[in-house]
Amino acid sequence: MMSGVAALLLLACLALPLYGVEKVKNRGYRKDPDADKYGSCLQGPAGTPGREGNPGANGIPGTPGIPGRDGLKGEKGECVSEIFEEPWRPNYKQCAWSALNYGIDLGKIADCTFTKLRSDSALRVLFSGSLRLKCKNACCQRWYFTFNGAECTGPLPVESIIYLDQGSPELNSTINIHRTSSVEGLCEGVKAGLVDVAVWVGTCADYPRGDASTGWNSVSRIIVEELPK
């Protein structure tokens, strides 16, 4: 009798846990009563894509990389000596006279001493003043520059001439025109240092001289300028 009761108690202890598990299982997986009412739904069309978002903030800089290895050794260079020249500076001079009133027909009229800085430069010279020539017959006078007493040879003389085909009946005729004129040119090959730049008057080749006048009643000037070649 006691063994039968023990057996019943053992079966009850084993059955109770199984009943609880099934109850919990049915509670967690209860079927939705509306699922069969509506059935399955079709997927609608895709929506419009959203606009792009704002750029993100810059990230934290990464750690520096490993330095690369040394490159190949270069070839030996050539030694070149450079010549640094000083920048060109203006170098000019003007000599002026209020009234030369020089009536000579042959000889030096005026001079102007100039300091030339370089031997490889050129000299630009200018004489400006009144010139006059008169004579009875055909005559010619020549005004020209000299550099340290010699005319320019680089490349040719700097000169200006006046020629009269028909002179006045007398030297003291009323035909006596004084005109402001110029003698101008470039001369190369003059060495550096002091240069005596002078204006002279003389005769033309194959023509007799007349009655010349230079610098009458007006300002005369010599301008000397050193120019780079």
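Cys-187 is buried, at a relative accessible area of 2%, where buried means under 20% relative accessible area, exposed over 50% and partly exposed in between (1.4 Å probe, protein chains only). The structure is a predicted model in which local features need pLDDT of at least 70 and side-chain atom pairs count only at pLDDT 80 or more, while totals for chains, interfaces and linings use all residues. Residues are numbered from 1 along each chain as its sequence is written, and side-chain values use heavy atoms, with hydrogens and water left out.

Cys-187 is joined by a disulfide to Cys-152, with an S to S distance of 2.2 Å; a disulfide is taken as a pair of cysteine sulfur atoms within 2.5 Å. This pair links distant parts of the chain, 35 residues apart: Cys-152 lies in the loop between E4 and strand E5 (159-164), and Cys-187 in strand E6. Cys-152 is also buried, with a relative accessible area of 3%. The torsion about the S-S bond of Cys-152 and Cys-187 is about 105°, so the disulfide is right-handed.

A search of the whole structure finds 4 disulfides. One of them joins Cys-95 to Cys-112 (S to S 2.0 Å). Here Cys-95 belongs to strand E1 (residues 91-97) and Cys-112 to strand E2, 17 residues apart, and both cysteines are buried. Another disulfide connects Cys-135 and Cys-139, with S to S 1.9 Å. The link of Cys-135 and Cys-139 is left-handed, with -80° about the S-S bond. Relative accessible area is 5% for Cys-135, which is buried. With bonded cysteines counted along the chain, the disulfides follow the pattern 1-2, 3-4, 5-8, 6-7.

The chain contains 2 helices and 9 strands, in the order α-α-β-β-β-β-β-β-β-β-β along the sequence. Helices (H or I, at least four residues) and strands (E, at least two) are DSSP runs, numbered from the N terminus. Of the 229 residues, 25% count as buried.

The largest nonpolar core has 25 residues, and those with the most contacts inside it are Phe-145, Phe-147 and Ile-222. Such a core is a set of buried Ala, Val, Leu, Ile, Met, Phe, Trp, Tyr and Cys residues joined through side-chain atoms within 4.5 Å. Among the elements that give two or more residues to this core are strand E4 (139-147), strand E6 (179-188) and strand E9 (220-228). Leaving aside residues up to four places away in sequence, Phe-147 touches residues including Cys-152, Cys-187 and Val-197, where contact means heavy atoms within 4.5 Å.
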